Amino acid sequence: MQTRRLTRAEARRIAVRAQLLDASRPGNLLTLIQQLTFLQLDPTDAVAPSADLVAWSRLGSTYAPAQLREALEHERTIFEHCASVAMVRPMADLGLYRAEMAAWPFGPRSGAWLAANEGFRRRVLDLLATSAPLASRDIPDTAEVTWPSTGWTNNRNVTQMLEFLSVRGEVAVAGRRGRQRLWDLAERVFPADVLVLPQEEAHEVRRRKLLRSLGVARPRVVGEVGVLAEIDGTSGVWRVDPDATAEGFAGRTALLSPFDRLIHDRARAVDLFDFEYTLEMYKPKAKRRWGYFALPVLHDDQMIGKVDAAADRRSSVLRVQAVHADVPFTREMTAAVHAELGALAEWLGLGEVHFA
């Protein structure tokens, strides 16, 4: 198959459109998650939780965080998937993960710990069968063997058992109480009529969906799916969604979560957008260049800067400590960024924007 050649502008527009950040907004939350394939759940809420920021940046003021809870807890159109990070995925994609769940555990350490705690596993499942949904703190720790770790999971046996049973597909998150996950038997959360694809076939479908959500990506991320591509001004090869096009692109201005998938791959962000970014909330204040939870700024098909902002809910204001411009802002850019900050403050229920 012939290699597709793209300019960097075309590649950027394909990427922005694939992430639903062009002028044509998605119709609802489920449509959004189906295209993006997942929303990452992160509790940091200096402005708003990341999943809510990602949804707002696409849907605008029509989105309310209650929609995410409703979809997870009542409509059951999405499910929480506990992998290396917590995320929600479309329930329609569950069959792409069930075979992988059934094949777990993948390592001897976790397998040995589960085998040594078979009684503990049975007691957790029996309790959920009669009393669910339950938070982890509502489940007694009756582990035969503790979970050893040099990190935060050391001796957190209930949490570790629930995580393992979730990865295995025996239990599932039925909802949340604040930041606490509520657990239930998977058979009461997941639909019974799921078409389970074999692992290799499922992985291939997942790679195609991932490429569709990114538009363009390196082969190390999506494998050999899509069409081979070369992008002017970059080295190496890419894969592009065969249905993606830059034609008719119309952009807009958007404030993004630091976890947003448009810029999550930092090397790709540099290659396509000349955009350097580091999430600095783990750095000492004196070593931060852009701020604790700086929001990347998209304008049309360019990343133009970062906004150091935080929601001051006690004073009911959105505090903007700095707007870091990566390129000289035109009047149009400045006005558009200020308008987005105003829209963000309104969506958060804050009275106004205060600039330092």
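Serine 213 belongs to helix H10 (residues 199-214); helices here are DSSP runs of H or I with at least four residues, strands are runs of E with at least two, and both are numbered from the N terminus. At 1% relative accessibility, serine 213 is buried; the term buried means under 20% relative accessible area, exposed means over 50%, and partly exposed lies in between, with a 1.4 Å probe and protein chains only. Beyond its neighbours within four places in sequence, serine 213 is in contact with Ala18, Gln19, Gln35, Leu36 and Thr37, where contact means heavy atoms within 4.5 Å.

The model on the screen is predicted: local features need pLDDT of at least 70 and side-chain atom pairs count only at pLDDT 80 or more, while totals for chains, interfaces and linings use all residues. Residues are numbered from 1 along each chain as its sequence is written, and side-chain values use heavy atoms, with hydrogens and water left out.

Select strands S2, S3 and S4 next. These 3 strands form an open, antiparallel sheet in the order S2-S4-S3; two strands pair if DSSP finds at least two bridges between them. Strand S2 (39-40) and strand S3 (78-82) stand at the edges with a single partner strand each, so one side of each has no neighbour in the sheet. What holds paired strands together? Strands of a sheet pair through backbone hydrogen bonds, either parallel or antiparallel. S2 pairs with strand S4 (residues 86-90) in the antiparallel sense over 2 bridges, and leucine 39 has valine 88 in S4 as its bridge partner.

Move to strands S1, S8, S9 and S7. These 4 strands form an open sheet in that order, S1-S8-S9-S7, with mixed pairing. S1 and strand S7 (216-217) are the edge strands, each pairing on one side only. S7 and S9 pair in the antiparallel sense over 2 bridges, and alanine 217 stands opposite arginine 239 in S9. Helix H1 (residues 8-18) packs on this sheet and touches S1, S7, S8 and S9; the direction of H1 makes about 95° with that of S1.

**Salt bridges**

How many salt bridges does a search of the whole structure find? The search finds 27, a salt bridge being a side-chain nitrogen of Lys or Arg within 4 Å of a carboxyl oxygen of Asp or Glu. Select aspartate 232 and arginine 5, which form one with the closest N and O atoms 2.9 Å apart. Aspartate 232 lies in the loop between strand S8 (227-231) and strand S9 (238-240) and arginine 5 in strand S1 (residues 4-6), so this pair ties together parts that are 227 residues apart in sequence.

Next, select aspartate 138 and arginine 177, another salt bridge, with the closest N and O atoms 3.9 Å apart. Aspartate 138 is in the loop between helix H7 (118-131) and helix H8 (157-167) and arginine 177 is in strand S5 (residues 171-177), so the pair ties together parts 39 residues apart in sequence.

Display H7 and H8 together. They pack at an angle of about 80°, with their axes 11 Å apart. That makes H7 roughly perpendicular to H8, a term for angles of 65 to 115 degrees. The contact involves residues including Phe120 and Val124 of H7 and Met161 and Leu165 of H8.

Finish at arginine 181 in strand S6 (residues 180-185). Arginine 181 is buried, with a relative accessible area of 19%. A polar contact of 2.4 Å joins the side chains of arginine 181 and glutamate 163; a polar contact is a pair of N or O atoms within 3.5 Å, where within protein one must be able to donate a hydrogen and the other to accept it, and residues adjacent in sequence count only if both atoms are side-chain atoms. The C-alpha atoms of arginine 181 and serine 136 are separated by 7.6 Å, although these residues are 45 apart along the chain.

Technical notes. Axes fitted to C-alpha atoms, helices over the stretch in contact; angles between N-to-C directions. Parallel < 35°, antiparallel > 145°, perpendicular 65-115°, else oblique.
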